[in-house]
Amino acid sequence: MKITLSHITKQFAQTTAVSDFTAEIESGHLIALLGPSGCGKSTMLNMISGILPVTSGQILFDDNDVTDLSANRRGVGLVFQNYALYPHMTVMQNICFPLELQKVAKAERMERAMAMAKLVHVEELIDRKPSQLSGGQQQRVAIARALVKNPNVLLLDEPLSNLDARLRIEMREEIRRIQQETKITTIFVTHDQEEAMSISDKIVLMKLGVLQQMDVPQNLYDSPANCFVADFLGNPPINKTTGVVKDGGIQLDNGPLVHDDRFTNLKDGQRVTLSIRAEAATVTNENGNVDCVVDTTYIMGKESLAYVKLGDQRIRIYIPADHEFGEGSTLHLKLGKRGVFVFDETSGDRLI
Amino acid sequence: MQTKHKVNISISTIVIYVLLSLGALVMVFPFYWMITGAFKTAVQIQMFPPLWIPTSFALDNFQTALSMAPFATYFMNSVIAMIGCVSCCSFTTILGAFAFSRLDFPGKNIVFGLLLGLMMVPFEMIVITNYRTIIDLGVYNTIFALIVPFTSSIFYMYILKGFFDSVPTSLYYAAKIDGCSDWKYLWKVMVPLAKPSLVTIILLNAIATWNSFLWPMLAVSDPSVRTLPFGLYAFVSEGGAHTELMMAASTMIVVPMIILFMFARKQIVNGVARGGLKG
């Protein structure tokens with residue numbers, strides 16, 4: 001089921017939670033709604049599910065306008081952050097509940113619920129109550145309950161945030177597997193970039209209710225639309241330096257001039273943010289793009305993470321472990337083809 | 001280890017237990033006096049110093065009491081009134097609590113505030129209004145007169161709303177997504193979850209109805225619709241002061257409540273402790 005969101009706006013009294021959000025989600029895709037807390041991603045999910053009405057805009061499932069349809073008639077499955085299993089029902093009863101409401105005959109109900117329990121690997125636990133399950137098991141049951149009525153869309157609200165680190169990796173692969181097996185269009189909300197990058201077909205990155213960029217994960221990383229996207233993705237976080245365009249290079253504030261062929265088209269005198277991913281700068285013996293002074297280094301085994309100074313501005317780079325650079329030694333840095341971006345300092349728009 | 005445990009029983013524990021035992025004795029004594037009184041003769045019950053242990057356990061007094069007033073009818077009336085009140089009241093309580101807890105309607109908080117304000121009006125003050133109501137409804141001196149004024153309770157609604165409020169909202173939305181209407185959500189999710197609270201409410205309500213005296217005395221006069229407490233009172237005033245018969249009748253009246261209490265003791269105590277309810 002293809003989902004079209006056009007010009008969605010949601011207002012709560014004085015605050016705008018989502019503003020003019022337009023996106024198209026292809027059928028069978030796994031989409032991550034990514035953004036910092038309070039960016040409106042959960043609000044967006046709740047509007048797609050029908051729990052929250054939209055203030056303006058349109059939601060289409062394929063070609064059907066579902067904007068004014070109530071939650072119980074949209075045919076969506078939703079997994080809540082706290083799973084929201086019915087505490088007084090067993091796992092089996094929980095999974096059966098949506099079918100019971102649809103008045104599906106008991107035999108068929110049990111059969112479909114059992115099939116779902118098997119899909120999410122909880123068939124051993126069907127007689128237990130939710131309180132007797134671990135977080136990961138509850139999560140699986142919640143997914144089974146959401147999927148049992150064959151929904152058009154599966155929505156997951158921060159599905160992994162209540163799990164411990166190891167289980168989180170296991171469950172995110174599970175979600176991917178279940179999604180691949182059922183081919184259901186899936187949207188999940190997360191604030192964890194790694195989670196979003198690792199399993200989604202496309203990432204929708206939001207900030208303060210505004211869509212920043214929607215693309216496949218690698219493109220989001222390699223080609224951010226603006227400074228926020230570049231900042232948000234990547235670990236360690238991207239290095240940000242500020243400066244002004246001068247003579248076809250960038251004169252860093254209280255720092256050296258950075259030369260690069262790419263910078264020649266920039267307008268002289270424009271204030272810019274030069275963002276460099278840690279892995280984009282390499283140490284070279286020849287003349288590089290800029291010289292820097294080593295501040296501190298942290299040995300990490302296969303390489304070292306070094307803080308180096310460009311004048312007053314500090315950036316993180318990786319240096320080979322077999323080199324020994326003492327504090328205060330000068331390095332020539334070469335900027336790679338990938339991972340170097342120039343943004344307008346005020347608007348954050350990408351220039352290069 | 002064993003001896004160490006025994007040594008650890010401190011003076012304060014002993015004092016606490018002595019005080020609690022005294023309290024229990026004070027509470028239990030009237031019951032003891034009532035039950036033993038039911039087995040004494042008219043002479044024995046007036047003896048001084050009192051006769052602590054009855055000399056015979058014959059059931060004569062019970063038989064005499066039963067023959068002197070239609071206690072079986074009173075008992076049936078009490079049961080009918082109790083079932084009527086409790087079932088109607090529980091139903092309206094559930095609906096009201098759900099509406100105030102989960103639904104959005106204009107003026108919700110104002111209405112709820114007004115209802116809470118009404119809780120401060122003592123029952124004795126609205127007796128006249130209630131009396132007018134049952135006269136106008138034409139149910140005076142019928143069993144309905146005992147039920148109509150007690151078909152809803154703000155107090156129980158308030159207690160249940162408190163529980164409903166504690167159920168996470170996500171459960172409501174999950175049910176909505178599963179295709180559940182408000183009505184089904186209430187009966188399939190909320191009510192089963194609220195079972196402990198509901199049982200407490202029902203028990204307290206049942207006890208209150210069973211023991212209620214003032215209203216039945218005002219609303220009915222005919223012996224055929226009297227309830228037990230009022231019937232007992234009438235028995236005393238109409239039959240003269242036969243203390244031993246009164247004790248026998250009283251014993252018979254409290255027995256159902258004592259049985260109920262023994263079975264549901266844990267529920268009642270839990271409910272009172274958790275909700276800070278009054279009995």
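Modeller: Gladly. This is a predicted model, and I will start with chain A. Among its contacts between residues at least 6 apart in sequence, 65% join residues at least 24 apart. Chain A has eight helices and 20 strands, and its C-alpha trace spans about 75 × 45 × 30 Å along the principal axes. Of its 352 residues, 42% count as buried.

Colleague: What makes helix α2 of chain A mostly covered?

Modeller: A residue is buried if 20 or more other C-beta atoms lie within 10 Å of its own C-beta. In α2(A), residues 91-101, eight of the 11 residues are buried. They are A:V91, A:M92, A:N94, A:I95, A:C96, A:F97, A:P98 and A:L99. These buried residues pack against α3 (106-119) and α4 (135-147) of chain A. After the helix comes A:K103, with a positive phi near 60°.

Colleague: Which residues meet where α2(A) packs on α3(A)?

Modeller: From α2(A) come A:M92, A:I95, A:C96, A:L99 and A:E100, and they meet A:R109, A:R112, A:A113, A:M116 and A:A117 of α3(A).

Colleague: On to the sheet. What is the strand order in the open sheet of six strands in chain A?

Modeller: The order is β6-β7-β8-β3-β9-β10, with mixed pairing.

Colleague: And why are β6 and β10 of chain A said to stand at the edges?

Modeller: β6 (76-79) and β10 (210-215) of chain A each have a single partner strand, so one side of each is left without a neighbour in the sheet. On average, neighbouring strands of this sheet are turned by 15° against each other, ignoring direction.

Colleague: How do you know that β7 and β8 of chain A pair?

Modeller: Two strands pair if DSSP finds at least two bridges between them. Five bridges join β7(A), residues 153-157, to β8(A), residues 185-190, so the two strands pair. They run parallel, and A:T186 in β8(A) is the bridge partner of A:L154.

Colleague: How many residues of chain A are in contact with chain B?

Modeller: There are 16 residues of chain A in contact with 14 residues of chain B. On the chain A side, the elements giving two or more residues are β6 and α2. Helix α2(A) gives the most, with three residues.

Colleague: How is chain B divided into domains?

Modeller: Domain 1 covers 2-58 and domain 2 covers 69-240. The C-alpha centres of these two domains of chain B lie 36 Å apart.

Colleague: What makes α4(B) oblique to α8(B)?

Modeller: Helix α4(B), residues 71-102, and helix α8(B), residues 154-166, pack at an angle of about 50°, with axes 8 Å apart. Roughly parallel would need an angle under 35 degrees, and roughly perpendicular 65 to 115, so α4(B) is oblique to α8(B). The crossing of α4(B) and α8(B) is right-handed. Among the residues making the contact are B:C89, B:T93 and B:F100 of α4(B) and B:Y156, B:L160 and B:F164 of α8(B).

Methods:
Residues are numbered from 1 along each chain as its sequence is written. Chains are lettered from A and ligands numbered from 1 in the order in which they are written. This is a predicted model: local features need pLDDT of at least 70, side-chain atom pairs count only at pLDDT 80 or more; totals for chains, interfaces and linings use all residues. Domain bounds come from an automatic or database domain assignment. A residue is buried if 20 or more other C-beta atoms lie within 10 Å of its own, exposed if 12 or fewer, and partly exposed in between; C-beta atoms are placed from the backbone. Helices (H or I, at least four residues) and strands (E, at least two) are DSSP runs, numbered from the N terminus. Two residues are in contact if their C-beta atoms, placed from the backbone, lie within 7 Å. Axes are lines fitted to C-alpha atoms, for helices over the stretch in contact, and angles run from 0 to 180 degrees between N-to-C directions. Angles under 35 degrees count as roughly parallel, over 145 as roughly antiparallel, 65 to 115 as roughly perpendicular and the rest as oblique. A crossing is left-handed if the near helix is turned anticlockwise from the far one by less than a right angle, and right-handed if clockwise.
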